[in-house]
Amino acid sequence: MQRKIIYLINPISGTKGKSSLKELIARETQKRQIPFEILPTTADANYDFVQQKIEKEQVTDVVICGGDGTVNQVVKALAHTGVQFGIIPMGSGNGLALAAGIPKASAKALEIVFTGKAILTDGFMVNEHFACMLCGLGFDAHVAHEFADQPKRGLGTYVALTSRHFLRAKPFPFRINANKLEFSTEAYFLSIANSNQFGNNFTIAPQAVLSDGLLDVVIVKKIAKPLLLLTVMRQVLTGRIRRIENSMNSPVIYFQTDELTISNPAEAPIHIDGEPWECQRHLHIKVLPHYFKLIHAATVS
């Protein structure tokens with residue numbers, strides 16, 4: 001079947017030049033004699049006009065040029081059409097793209113669109129809200145909320161905010177019910193991950209697989225602050241984190257599940273795919289197995 005591609009470019013995402021990206025896309029796609037169209041993403045996440053094009057013009061692929069928040073909005077709106085999704089990363093973290101083996105360099109990412117493999121990929125729901133890769137409560141969500149208000153967004157800004165808030169971070173009480181086990185804890189942050197990382201190659205859930213039908217839950221508990229970063233670096237980044245059955249007394253709890261509920265009585269801040277979300281006191285989180293087709297690097301499954 002002849003491919004036909006719609007490229008959606010976020011005009012405000014990241015810091016890369018959009019004109020040069022359009023030129024790259026046009027040149028490389030024409031070289032392969034693939035019909036295509038370049039359109040802007042929308043601020044209101046309404047992609048009815050793209051759905052109409054998919055149906056009327058037999059579009060096979062939608063390539064999202066933006067960050068994780070843009071990917072979230074487009075996939076949520078168009079997954080039901082059955083198109084393949086590609087990503088050209090243009091955000092600050094690009095966690096989903098990196099988990100799929102897609103490099104940050106636009107030319108290399110575009111090559112994955114042409115040569116990669118479309119794999120049925122999981123999503124998940126947080127109450128009524130769709131997530132592609134990550135939901136976080138607590139410290140990292142607080143940073144995400146402030147990051148969204150910054151006039152200049154990028155890795156440097158994110159690192160600066162994280163460093164500033166680290167010394168002032170406070171734990172939040174949570175009650176979690178998963179895998180027929182219920183427990184309470186105080187934690188600096190709680191992450192529910194489909195992707196294996198926050199973004200920028202910063203690992204959060206080393207055992208996470210995008211298409212295994214499971215969510216990886218990482219809880220960094222209340223411990224002495226000087227030990228917090230050391231603990232996360234040692235246990236999370238190296239993958240030496242233990243599962244819930246033998247980690248309840250450890251500073252980091254890690255387990256996998258397809259569904260869980262979280263009580264958040266202190267209204268810890270929340271982010272979904274890096275974008276701030278209104279506080280919720282109760283969350284029901286459930287995986288959506290094999291929900292959308294994502295073009296991965298050929299070496300990633």
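Is Phe85 buried or exposed? Phe85 is buried, with a relative accessible area of 1%, where buried means under 20%, exposed over 50% and partly exposed in between (1.4 Å probe, protein chains only).

The model is predicted, so local features need pLDDT of at least 70 and side-chain atom pairs count only at pLDDT 80 or more, while totals for chains, interfaces and linings use all residues. Residues are numbered from 1 along each chain as its sequence is written, and side-chain values use heavy atoms, leaving out hydrogens and water.

Rings of Phe, Tyr and Trp (its six-membered ring) pair if their centres lie within 6.5 Å; planes under 30 degrees apart count as stacked, over 60 as edge-to-face and the rest as tilted.

| Pair | Centre distance | Plane angle | Class |
|---|---|---|---|
| Tyr7 and Phe36 | 6.1 Å | 80° | edge-to-face |
| Phe85 and Phe292 | 6.2 Å | 75° | edge-to-face |

Strands (E, at least two residues) are DSSP runs, numbered from the N terminus. Tyr7 lies in strand β1 (residues 5–9) and Phe36 in strand β2 (residues 36–40), so their pair ties together parts 29 residues apart in sequence. Tyr7 is buried at 0% relative accessibility, whereas Phe36 is partly exposed at 25%.

Phe85 belongs to strand β4 (residues 84–89) and Phe292 to strand β17 (residues 282–296), so this pair links parts 207 residues apart in sequence. Phe292 is buried at 2% relative accessibility.

Two strands pair if DSSP finds at least two bridges between them. β4 and β17 are parallel, over two bridges, and Gln84 stands opposite Lys293 in β17. Strand β5 (residues 117–126) pairs with β17 in the antiparallel sense over nine bridges; Thr121 has Phe292 as its bridge partner in β17.

How values were computed. Helix = DSSP H or I, 4+ residues; strand = E, 2+ residues; numbered from the N terminus.
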